[in-house]
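The following exercises are to be worked through with the sequence and the coordinates at hand. Each task is followed by a solution in steps.

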Amino acid sequence: MQVKETGFDGLVELLPTVYHDDRGWFYEFYKEPTLKQFGIDRKFPQENLSFSKKGVIRGLHFQLPPFAQAKLATVISGSVVDFVVDLRKGSKTFGKVYECQLDSKRKNMLLVPEGFAHGFATLEDTIFFYKCTDVFNKPSESGILWNDPQLNIQWPVKEPIVSDKDKLLPTFEELLRNSVISRN
């Protein structure tokens with residue numbers, strides 16, 4: 001396994017070693033001792049799987065403390081462009097957006113630490129899988145409007161399919177004004 005740094009503290013892309021032969025392929029998706037060698041020492045009590053048609057945007061979602069979640073995200077089938085926004089108080093990358101493509105061909109993964117909003121856009125019909133470091137807690141659920149002009153995310157979808165819930169999320173600035181998140 002290789003770990004690719006992103007310039008965001010704790011946010012890393014994981015590139016597994018995939019073994020191919022005439023039968024197909026094999027790789028270790030999650031192996032705790034290997035991840036610990038890279039300083040990744042987390043427990044994942046919840047796993048989620050979603051299917052999204054081509055052109056869907058999901059996010060930008062996060063949970064508030066004390067139920068904040070880190071996520072280990074990957075694509076089982078298909079491909080997405082994954083976006084995260086750093087919401088960690090005092091972080092040098094606070095309010096900045098990181099993007100990367102996750103796809104079933106490369107089998108890459110993104111470890112998103114607690115304190116990030118997360119979302120993705122599907123480039124084709126996609127099965128998306130992610131492990132979470134805490135269980136879902138409805139009262140702690142929050143998010144940022146997917147097309148917030150301040151974040152200026154360049155979603156790779158011309159006519160996105162977005163849930164009504166995601167269309168009603170607050171902007172980054174509204175979250176700051178309402179003290180949901182804080183710069184310092």
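**Exercise 1. Aromatic pairs**

Determine how many aromatic pairs the predicted model contains, and characterise the cluster formed by Phe8, Tyr98 and Phe116.

Solution. 

Step 1. With ring centres required to lie within 6.5 Å, the count comes to 10 aromatic pairs.

Step 2. One of these is formed by Phe8 and Tyr98, with 5.6 Å between the centres and 65 degrees between the planes. Planes over 60 degrees apart count as edge-to-face, and the pair of Phe8 and Tyr98 is accordingly edge-to-face. Phe8 belongs to the loop between β1 and β2, whereas Tyr98 belongs to strand β9 (residues 97-103), so the pair ties together parts that are 90 residues apart in sequence.

Step 3. Phe8 also pairs with Phe116, at 6.3 Å centre to centre and 50 degrees between the planes, which is a tilted arrangement. This pair, too, links distant parts of the chain: Phe116 is in strand β11, 108 residues from Phe8.

Step 4. Relative accessibility is 3% for Phe116, which therefore counts as buried. Phe8 is buried at 9%, and Tyr98 is buried at 12%. Phe8, Tyr98 and Phe116 form one aromatic cluster.

**Exercise 2. The surroundings of Lys131**

Decide whether Lys131 is buried or exposed, and describe what its side chain meets.

Solution. 

Step 1. Lys131 is found in strand β12 (residues 126-132). Its relative accessibility is 8%; because buried means under 20%, Lys131 counts as buried.

Step 2. The side chain of Lys131 makes a polar contact of 2.3 Å with the side chain of Glu47. The charged end of Lys131 also sits over the ring of Tyr30, 4.6 Å from its centre.

Step 3. Beyond four places in sequence, the contacts of Lys131 include Phe29, Phe44, Gln46 and Ala70. Ala70 is in the loop between β6 (56-63) and β7 (71-77), and it counts as buried at 0% relative accessibility. The C-alpha atoms of Ala70 and Phe116 are 8.1 Å apart, although 46 residues separate the two in sequence.

**Exercise 3. The setting of Ala117**

State in which strand Ala117 lies and which residues it touches beyond four places in sequence.

Solution. 

Step 1. Ala117 lies in strand β11 (residues 116-122). At 0% relative accessibility, it counts as buried.

Step 2. Ala117 touches Leu60, His61, Phe62, Phe83, Val84, Val85, Leu87 and Ile144. Leu87 is 30 residues away along the chain, with a C-alpha separation of 6.9 Å from Ala117.

Key. Residues are numbered from 1 along each chain as its sequence is written. This is a predicted model: local features need pLDDT of at least 70, side-chain atom pairs count only at pLDDT 80 or more; totals for chains, interfaces and linings use all residues. Side-chain values use heavy atoms; hydrogens and water are left out. Helices (H or I, at least four residues) and strands (E, at least two) are DSSP runs, numbered from the N terminus. Buried means under 20% relative accessible area, exposed over 50%, partly exposed in between (1.4 Å probe, protein chains only). Contact means heavy atoms within 4.5 Å. A polar contact is a pair of N or O atoms within 3.5 Å; within protein, one must be able to donate a hydrogen and the other to accept it, and residues adjacent in sequence count only if both atoms are side-chain atoms. Rings of Phe, Tyr and Trp (its six-membered ring) pair if their centres lie within 6.5 Å; planes under 30 degrees apart count as stacked, over 60 as edge-to-face and the rest as tilted. A charge sits over a ring if NZ of Lys or CZ of Arg is within 6 Å of the ring centre and within 35 degrees of the ring normal.
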